[in-house]
Amino acid sequence: MDTTSLAEALHARTAAFADAVTGADPDARVPTCPDWPLRVLVGHLGQAHRWSADIVRSGPSPVPDPVDADPGAPETWRDWLRQGADDLAKTVLDAGDTPVWTFFGPRPAKFWLRRMLQDTTIHHADAALATGTAFEVAPDLAADAISEWLEMLSDPVTASLRPDFARLRGTGQTLQLRHGQDPGWLITRGPDGVRWVRETATADVTLAGPVRDLLLVLTRRRPAERVTITGDRALADHWLAHTAA
């Protein structure tokens, strides 16, 4: 996706998140986000958009604590969320191809737009599960969210940021993610970490289902039973146990 498309998608996903939380109890628990209340989830999302915009403008800053975020009164949440997404999108569009700081070294500014788009998509699922509202996502966006997640998991820096991810190393075990006629994703667990390609192949274990469900299972928002698992179930379970987003 180009930068303009990413910005448009961020606006749409932020609006969908706002729809899910509007009128809901601010103290409702969010079971998929370490049992946060809804107001912390809202605060975290708006805080993350603003933090990312500040990185693009000024360079790295400490990761903020979601509990410290103040989204304001519930009736102002929609505008507050929109303002954060607007700020991030404009800041990235103004930066163009300028390299900026990321956890993985200098990248084009749109890295943060894509990262926050996918973060917003997953947190919309969190909000929908907490409020009993519908969660829908376009298949191409769900597929890109899976690819982006695997890109991060396969970067050597990630294991230093999240030590549990180091347990994904293996001796060549393979997992296949498949939906419809799409090539899917073939993941290989090697001694140096995770590698992946977009292709269909015979693997030790295959997870198959609608791409939305694959995304939700991979990010631990829905149980593994939402997709069909064939082959080495223990391998799938180990993967899911050590990849919580």
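Reader: Which side chain does E151 meet in a salt bridge?
Author: In this predicted model, E151 meets R114, with N and O 2.8 Å apart. A salt bridge here is a side-chain nitrogen of Lys or Arg within 4 Å of a carboxyl oxygen of Asp or Glu. Residues are numbered from 1 along each chain as its sequence is written, and side-chain values use heavy atoms, without hydrogens or water. Local features need pLDDT of at least 70 and side-chain atom pairs 80 or more, while totals for chains, interfaces and linings use all residues.

Reader: Where do E151 and R114 lie?
Author: E151 belongs to helix α5 and R114 to helix α4 (residues 110-131), so their pair ties together parts 37 residues apart in sequence. Helices (H or I, at least four residues) and strands (E, at least two) are DSSP runs, numbered from the N terminus.

Reader: Is R114 buried or exposed?
Author: R114 is buried, at 19% relative accessibility, whereas E151 is partly exposed, at 35%. Buried means under 20% relative accessible area, exposed over 50%, and partly exposed in between (1.4 Å probe, protein chains only).

Reader: And which residue forms a salt bridge with D126?
Author: R221 does, with the closest N and O atoms 2.8 Å apart. D126 lies in helix α4 and R221 in the loop between α7 and β9, so this pair ties together parts 95 residues apart in sequence. D126 is buried at 0%, and R221 is buried at 7%.

Reader: How many salt bridges are in the whole structure?
Author: The search finds 19. A network of salt bridges links E136, R212, D213 and R226.
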